[in-house]
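Trainee: Please take me through how to read this model.
Mentor: Have a look at it, then ask.

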Amino acid sequence: GLGPALWMGYGFFADRLGANPIEALLHLAGRWTLVFLLLTLAVTPLRRLTGWNRVIKVRRLLGLFAFFYASLHLLIWLGLDQGFAWGFLWEDITKRPFITVGFLSFLLLVPLAVTSTRGWQRRLSKNWKRLHRLAYLAGILAVIHFAWLVKDIRVPLGYGAVLAILLVLRLPWVRRTVSNARQRLKTKL
């Protein structure tokens, strides 16, 4: 999970990130945020499709890596790109829609990271699952943020397609269909 961050650090300090290394870091951190968020959202469908229950043990770690890269993305933008010019930052957030959407996506991830422990799961009980469904909205907003940022939207559309598939796999009728298919397969084997 830390491999991309180490590679980004190496690329920055070895001057291997091109003419605009800050922009390259910003985009890399954003992409890795999306990758880890999609991996996190893929755990439950993967478990349901394959019956591989042990994969659930890595979901929290994947989610925390998504938050780590989102935080890194935000810090690169705040510090390296904008120089912590707080007045300008607020103006940027409120006047540039792609930044507004990206910032909202980050804000949705904050309570998910804070409440990711077993203690919070016990305290929040059924509300923990409801709260953590914010990850779906955070993913949607992250894809929109990416699509509004770039001129060529093919790559963001690819991420959006993966996200759409992961969300469709969570629909109750799809879950029932997958469960029934798994049961039929088990009885044939």
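Trainee: Among contacts in the chain between residues at least 6 apart in sequence, what percentage join residues at least 24 apart?
Mentor: A contact means heavy atoms within 4.5 Å. In this chain 62% of those contacts join residues at least 24 apart. The model is predicted, with local features needing pLDDT of at least 70 and side-chain atom pairs pLDDT 80 or more, while totals for chains, interfaces and linings use all residues. Residues are numbered from 1 along each chain as its sequence is written, and side-chain values use heavy atoms, without hydrogens and water.

Trainee: How many helices and strands are there in the chain?
Mentor: Both are DSSP runs, numbered from the N terminus: helices are H or I with at least four residues, strands E with at least two. Here there are ten helices and zero strands.

Trainee: At what angle do helix 2 and helix 8 pack?
Mentor: Axes are lines fitted to C-alpha atoms, for helices over the stretch in contact, and angles between N-to-C directions run from 0 to 180 degrees. Helix 2 (residues 21-50) and helix 8 (residues 134-149) pack at about 150°, their axes 10 Å apart. Helix 2 contributes His 27, Arg 31, Leu 34, Leu 37 and Leu 41 to the contact; among the residues from helix 8 are Tyr 136, Gly 139 and Phe 146.

Trainee: What share of the residues is buried?
Mentor: Buried means under 20% relative accessible area, with a 1.4 Å probe and protein chains only. Of the 189 residues in the chain, 36% are buried.

Trainee: How many positive and negative side chains does the chain have?
Mentor: Lys and Arg count as positive, Asp and Glu as negative; His and the chain ends are left out. The chain has 26 positive and 6 negative side chains.

How values were computed
Buried < 20%, exposed > 50% of the residue type's maximum accessible area, 1.4 Å probe, protein only. Charge placed at Lys NZ, Arg CZ, Asp CG, Glu CD.
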